[in-house]
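Trainee: I am new to this one. Could we go through a few places in it together?
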Amino acid sequence: MRQLLFAGLAALAALPAAAMSPPAPGGQLDLETIMANPDWIGAPVESPYWSADGRSLYYSLKRDGSKVRDLYRVDPATGQSVKLDPSAMAQAEGPAVFDRSHRHAAYIFHGDVFMQDLTTGRRVQVTQTTETESSPRFSSDGRALQYRQGINWFVYNLASGATAPAAVLRFVDDPQAKKHNDLERDQLVLFKSLRENQADKDAQRTRDDELGAADAGRAPKPIYLGESGEPADAELSPDGRWMVVVTKPKGSKGGKRPEVTHYVTESGYAEQQETRSYVGRDDPAPQSLVLVDLKTAKFYPLKTDGLPGIKDDPLKDIRAKTIAALQKDGKDDEAKALKAPDLRAVRIVSNADDGGGGGIAWSDDGQNVAIQLRAIDNKDRWIASVDFDKHALVPQHRLTDHAWINWNFNDFGWLKDGRTLWYLSEETGYSQLYTKPLASKAKALTSGKFEVSHPVLSEDGQWFYVRTNQVAPYSYDVYRVPTAGGELSRVTQYQGMDDFVLSPDGRQLAVLHSSPYVLAQLAVQDAAGGTPRELTNTMKPEFTAHPWLQPQIVPVASTHGAGTIWAKYYGPSDAGAAASRPAVIFVHGAGYLQNVTLSYSNYFREQMFHNLLVQQGYVVLDMDYRASEGYGREWRTAIYRQMGHPELEDLLDGKAWLVKNRGVDPKRVGIYGGSYGGFMTLIALLRAPGEFAAGSALRPVTDWTSYNHEYTSNILNDPQLDPESFQVSSPINYADKLQDPLLMQHGLIDDNVVASDTIRLYQRFIELHKTNFWMSLYPMERHGFVHPDSWHDEYRRIDELFNTYVKPVKQ
């Protein structure tokens, strides 16, 4: 699934630090402990996968005091686990794929391709290169193993042991296809020797073609695709006959990129580093599709002009308004640049990108291919098959959204029959699972007001296993549904299920699960349901012995027609016990992220800090405001063209809930958050002055015109086309409203939200003669802090801010 650059998540892999004394059972918390290296908590189980024979499970654990991950193997029957030493690692496996008969498995390990005979146990190392191979897959006839190196595909012949490129693509014109000009033709007419030389070349080429056609052991000849484009991705068909190539304009360059300065360096000199370009200054390069027939060495453009809606302009009204304003101001050149294209540009999500499923999916037999295309304007997603006889795209599904197509829930593929598509779609308002035969209508396998994700097709093709929050928005488990249609049935009962892996025989599930104070742990259970067998416990007793305050999940009623805003509350359950207490509202990052769940939070440090705040007399509310993940399309897109506005309404409703239901003093409510949470802290103080006693904005976006394109253009369009949405959404435009104490904190080498965002807003406050605002910069931190000293300093300042301006009773 696509992870936003604007995540602002706390990294579990902190750098080594001096060990801190854990809190005594039942004792008092302190900042030194909760902001220390998190090794004292334990390590989450990461990246589980089954061995090729299905008899073992592998998983990774972070090593104490290091970023290094060790590989473990566990017997799911007994729970016996062993850490693999270097010699054992040499015989380990990677996540396997299988041929259709399940006689052979293949996997990537330490960047190389391996193949294993499951009958004899014999293992063959297919590659031993300095490059990184990926995507192993058996050919449809089972006689070859295909894999890729970058975007180049190779084929390993199981019988001969020979490896050859599946195709040699050249993005230049075919030198042999060059036609003679008039001068060259004259020379051939005049000189017999030149004619004989030309005849020899033609004869040799004909002979090479004949030998290549008769001898499969020869390397393929180059296929020349022309000089107009360059490769972006390629996908080989399992039968080896076809290749779909994604191209982009040759020499396409991005816009100017801001730099960050490393002041604390080994060299002793300040060093510069480029980051990413600004939104609207580096639009993604449009992509095109080419179908290559590897048998005939011919290629055919796959035109997109037949996709439904491809010639429409979904931004027509916004475009007309902006063009009219520019023309009124005499900016005719800028107005002309905004003219709508005749054909909307598209991109194809590659397998290297996030977003689920990749952009090209072949059926197992190689007889069909589906391609997922996304409009660069973010308003449409198409899935199309290919007519190989006509060399044309055939539209199968269109998902359109007046706001933006989600970066999640884009998984798709084929059922085992190779003729029926499956895909996720938000068309009903929630991500649901569908199947569609190529020549028939789509069928919904799931339906309801809950999200379906992580679809996994069982090896026998009878079941889909999925992750859903059907019981409640904050409760996730594994469910399964028949591929032919039927009941969606619950398989696990964790409520905090994070991920799962189906065993090779389809009979067992390896499940990663967690809870608010328990890191991700591994269990195994029958795929049909039943009692799980716990396989790991990686928590440290010093952490588990402390009586942590369990967050209460509470419903906050929206006063703006949004329904229920789910939140985590830390503090006494009754209003009387909390009467006249101060409160803090925490705002999670990423915008599209769900923090109100029954799983272990990415914000584990903040959760411990909330325990400390309650210990100091506060109550705390952590809300999944509008735009958060897990609540459907309308919740997600409520912020379209108005970032910060619906979310602020929700935060103010949260404050009102605290006042009404927990007896909180409305004059003593603080607010803080990082990344998008930092942005929202600024919005809260600048658009609702007087509502919050103080706020701390960590690594915030202050001006959306300086954030990246991939995230921002989805929500606000381009600043040249839609300047109004950027104007109303950027905190810097409300700087004159500051009246409440504000602490801003930022890593100086943040290459996601660059520190200039905070520094520019700080300068605005200076010029506006504002008071009670501060800035704290961290020379060795990026977007997600990794040094415990920085974490401690950051939260010491937040704690002092709240104890100075929020906690005291206002007179």
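Trainee: Where is alanine 627 found?
Mentor: Alanine 627 sits in the loop between strand S41 (619-623) and helix H9 (633-637). Helices (H or I, at least four residues) and strands (E, at least two) are DSSP runs, numbered from the N terminus. This is a predicted model, where local features need pLDDT of at least 70, side-chain atom pairs count only at pLDDT 80 or more, and totals for chains, interfaces and linings use all residues. Residues are numbered from 1 along each chain as its sequence is written, and side-chain values use heavy atoms, with hydrogens and water left out.

Trainee: Is alanine 627 buried or exposed?
Mentor: Alanine 627 is buried, because its relative accessible area is 2%. Buried means under 20%, exposed over 50%, and partly exposed in between (1.4 Å probe, protein chains only).

Trainee: And what is phi there?
Mentor: Phi of alanine 627 is near 100 degrees, a positive value in a residue other than glycine. Phenylalanine 409 also has a positive phi, near 60 degrees. Phenylalanine 409 belongs to the loop between strand S25 (392-400) and strand S26 (412-414).

Trainee: Why does phenylalanine 409 count as buried?
Mentor: Phenylalanine 409 counts as buried because its relative accessibility is 4%.

Trainee: New topic: in what order do the strands of the open sheet come?
Mentor: The order of the 4 strands is S30-S31-S32-S33, with antiparallel pairing. Strand S30 (452-457) and strand S33 (489-490) are the edge strands, each pairing on one side only. Two strands pair if DSSP finds at least two bridges between them.

Trainee: Which residue stands opposite arginine 490?
Mentor: Tyrosine 479 stands opposite arginine 490 in S33.
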